[in-house]
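Here are my notes on this structure.

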Amino acid sequence: MHVNGLVVSSATLSDAEELSSVQLKCWMETSVEKLHEINLDNFDEMYGTHDQVVKRWLERLRDYKSNDKERLILLARIDGRIIGYTHVFQDKISRNIIIKRFFILNEFQGKGIGYTMMEKIFKWSKSRRPIILRAAEANHDAQRFYEKFGFQLTSEIVSSERMISVRMALRDK
């Protein structure tokens, strides 16, 4: 599916402020509205304030280059507005590819944007496997999305102060 005005490209330092706003909105939509696992009373405590999130993105993006072989930070934009993002890296010890974050604003889901971003992740990772990610245990939509690309649930369940997640992996074919 083609989305008019969609551009998927690497993040830059100047994206930190808007990226932080989108990250917090995505977390709010997923954690509070969709999964009801976090309430608004403790949202800042669990995820950080906007300023704290901006600071974290500035730190991540400070030395990030678009041709980085160890990590990938992609933004999906429509008409210049960030509507989704992914943060992927290669673990230094296991050498696994880890999808740390993969979010698209609710209003833009189901339009092929996630597919486009996932294809870019596969192109960047080349044949490096496995690719590992975590999805909220209660987020069956996300799990079904990843399964379309061949990801499978592992037996691992990860519990954190934020939520219970399942581990999914894409292994060699």
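1. How many residues lie between β2 and β3 in their hairpin? There are 2, and D79 in the turn has a positive phi of about 50°. Strands here are DSSP runs of E with at least two residues, helices are runs of H or I with at least four, and both are numbered from the N terminus.

2. A word on the source. This is a predicted model, where local features need pLDDT of at least 70, side-chain atom pairs count only at pLDDT 80 or more, and totals for chains, interfaces and linings use all residues. Residues are numbered from 1 along each chain as its sequence is written, and side-chain values use heavy atoms, with hydrogens and water left out.

3. Strand β2 spans residues 71-78 and is mostly covered, with 8 of its 8 residues buried. Buried means under 20% relative accessible area, with a 1.4 Å probe and protein chains only. R71, I73, L75 and R77 point one way from β2. L72, L74, A76 and I78 point the other way. In a regular strand the side chains alternate between the two faces of the sheet.

4. β2 pairs with two strands (pairing takes at least two DSSP bridges). Strand β1 (residues 6-10) runs antiparallel to β2, joined by 5 bridges. Here V8 stands opposite A76. Strand β3 (residues 81-90) is also antiparallel to β2, over 8 bridges. V88 in β3 is the bridge partner of L72.

5. The largest pocket holds about 1,200 Å³ of space. Its lining has 40 residues, and F102, F103, R134, A142 and Y146 are the closest to its centre. A pocket is an open set of points on a 1 Å grid over the protein atoms alone, where a 1.4 Å probe fits, with protein on both sides within 12 Å along at least five of seven lines; lining residues have an atom within 4 Å of a point. Grid points are joined across faces, edges and corners, and the volume is the space filled by probe spheres set on them.

6. β4 (97-104) gives the most to the lining of the largest pocket, with 7 residues. Other elements giving two or more include α1 (16-34) and β7 (164-170). The lining divides into 20 nonpolar, 9 polar and 11 charged residues. Asp, Glu, Lys and Arg count as charged; Ala, Val, Leu, Ile, Met, Phe, Trp, Tyr, Cys and Pro as nonpolar; the others, Gly among them, as polar.

7. The second largest pocket has a volume of about 230 Å³. Of its 14 lining residues, S66, L72, K120, K123 and W124 lie nearest its centre. β1, β2 and α4 each supply at least two lining residues.

Technical notes: Buried < 20%, exposed > 50% of the residue type's maximum accessible area, 1.4 Å probe, protein only.
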